[in-house]
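Please look at the structure below, and then follow a few questions about the terms used for its residues.

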Amino acid sequence: VRVETDKAVYAPGEKAELRMWVLSGEESEAAPGAALVHPDGEVERISLERAGDNMFTAEIETKEPGVYRVTAAENGGLPADEELGGISFIVEPPAR
């Protein structure tokens, strides 16, 4: 699984655009499980929408500053599962 966001750094309250590809070589019938780990350690499941043959997307609302981690895994994308892919991004206030 390949996971990308549209950029690496976001402002608080900005929406991160997530893209996820299943690279199995065959058309994927279902989206992989995905989860978002917030800077405070809270884990939230992400609902992915099909955007192409093996591509899935989601919008993630950012809140507090810090490092966020998106994981894709077999059983719901939770960090304790065997991770298939992931990406981290930063949320911080704009520089003055």
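Q: Why is isoleucine 90 called partly exposed?
A: Its relative accessible area is 36%, and since buried means under 20%, exposed over 50% and partly exposed in between (1.4 Å probe, protein chains only), isoleucine 90 counts as partly exposed. This is a predicted model, in which local features need pLDDT of at least 70 and side-chain atom pairs count only at pLDDT 80 or more, while totals for chains, interfaces and linings use all residues. Residues are numbered from 1 along each chain as its sequence is written, and side-chain values use heavy atoms, with hydrogens and water left out.

Q: What makes isoleucine 60 count as buried?
A: Its relative accessibility is 4%, and the term buried applies under 20%, so isoleucine 60 is buried. Leaving aside neighbours within four places in sequence, isoleucine 60 is in contact (heavy atoms within 4.5 Å) with residues including Leu18, Leu36, Ile46 and Phe89.

Q: What makes the pairing of glutamate 4 and arginine 19 a salt bridge?
A: The term requires a side-chain nitrogen of Lys or Arg within 4 Å of a carboxyl oxygen of Asp or Glu, and the side chains of glutamate 4 and arginine 19 meet at 3.4 Å, N to O, so the pair qualifies.
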